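Subject: Structure handover

Hello,

Here is the structure I promised to pass on. My notes follow below it.

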Amino acid sequence: MISKIKINKVRLCILTILIAFKTFLNPVNAIELDEKTRTVTLEESGKTTILTPEQVKRGKRLFNNSCAQCHNGGITKTNPNIGLEPESLSKATPARDNINSLIDYIKNPTSYDGATSIAELHPSIKSAEIFPKMRNLTDEDLFAIAGHILIQPKIESEKWGGGKIYY
């Protein structure tokens, strides 16, 4: 006769196997974000737009491929005093706290005060010959990347742009 302990061990093993199959065989779905989280500022006037789940996924993938080497977690490795968190983006000149201004920056980057072009130093569409990862990015890609930057503070809260204490 099989003891209750052995039966429970068998049940536990079966349950573990089922959970493993569910975890590893089912496609991993991105966290479904509600419309409020996916709503970002489109332009300086305050007009907003709602990113689609596809734009969110695409923006994350493109950001990780093209930007995260220097901006992992919303930091700026070359200048840790300026990150991609809302406060830094809003204090730049011009403000970079909306989709259109971020796209403009990615196309033609300028110093934080807006006075000097930094296209030779910062990856951009303008300097795609120097930074190959920028060569094939379309306006749609830039929109998705900008959207990713703007929704991260809603998802990561203080970690996004928080610097060395988190990353």
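Is aspartate 139 buried, partly exposed or exposed? Aspartate 139 counts as partly exposed, because its relative accessibility is 47%. Here buried means under 20% relative accessible area, exposed means over 50%, and partly exposed lies in between (1.4 Å probe, protein chains only).

Some ground rules before the rest. This is a predicted model, with residues numbered from 1 along each chain as its sequence is written. Local features need pLDDT of at least 70, side-chain atom pairs count only at pLDDT 80 or more, totals for chains, interfaces and linings use all residues, and side-chain values use heavy atoms, with hydrogens and water left out.

Salt bridges

The structure holds four salt bridges. The term means a side-chain nitrogen of Lys or Arg within 4 Å of a carboxyl oxygen of Asp or Glu. Side chains of opposite charge can pair when their charged atoms come close.

Aspartate 139 pairs with lysine 107, and their closest N and O atoms are 3.0 Å apart. This pair links distant parts of the chain: lysine 107 sits in helix α6 and aspartate 139 in helix α7, 32 residues apart. Helices (H or I, at least four residues) and strands (E, at least two) are DSSP runs, numbered from the N terminus. Lysine 107 is partly exposed, at 32% relative accessible area.

Next, arginine 58. Its side chain meets that of aspartate 141 in a salt bridge (2.5 Å, N to O). Arginine 58 is in helix α3 and aspartate 141 in helix α7, 83 residues apart, and the pair links distant parts of the chain. Arginine 58 also forms a salt bridge with glutamate 140, with the closest N and O atoms 2.3 Å apart. That pair, too, joins α3 to α7, across 82 residues.

- Glutamate 140 is exposed, at 51%.
- Arginine 58 is partly exposed, at 26%.
- Aspartate 141 is buried, at 6%.

Helix α6

Which residues of α6 are buried? They are Ile99, Ser101, Leu102, Ile103, Tyr105 and Ile106. Their cover includes β1 (39-41), α5 and α7. Asparagine 98 caps the N-terminal end of α6, with a side-chain oxygen 3.2 Å from the backbone nitrogen of asparagine 100.

Serine 88

Serine 88 lies in helix α5. Serine 88 counts as buried because its relative accessibility is 6%. Its side chain makes a polar contact with the side chain of glutamate 85 (2.5 Å). A polar contact is a pair of N or O atoms within 3.5 Å; within protein, one must be able to donate a hydrogen and the other to accept it, and residues adjacent in sequence count only if both atoms are side-chain atoms. Leaving out residues up to four places away in sequence, serine 88 touches Asn81, Ile82, Gly83 and Tyr112. Contact means heavy atoms within 4.5 Å.

The largest pocket

The largest pocket is lined by 34 residues. His71, Thr76, Tyr105, Ile118 and His122 lie nearest its centre. Elements giving two or more residues to this lining are α3 (53-66), α4 (68-71), α5 (86-91), α6 (99-107) and α7 (139-156). A pocket is an open set of points on a 1 Å grid over the protein atoms alone, where a 1.4 Å probe fits, with protein on both sides within 12 Å along at least five of seven lines; lining residues have an atom within 4 Å of a point.

Best wishes
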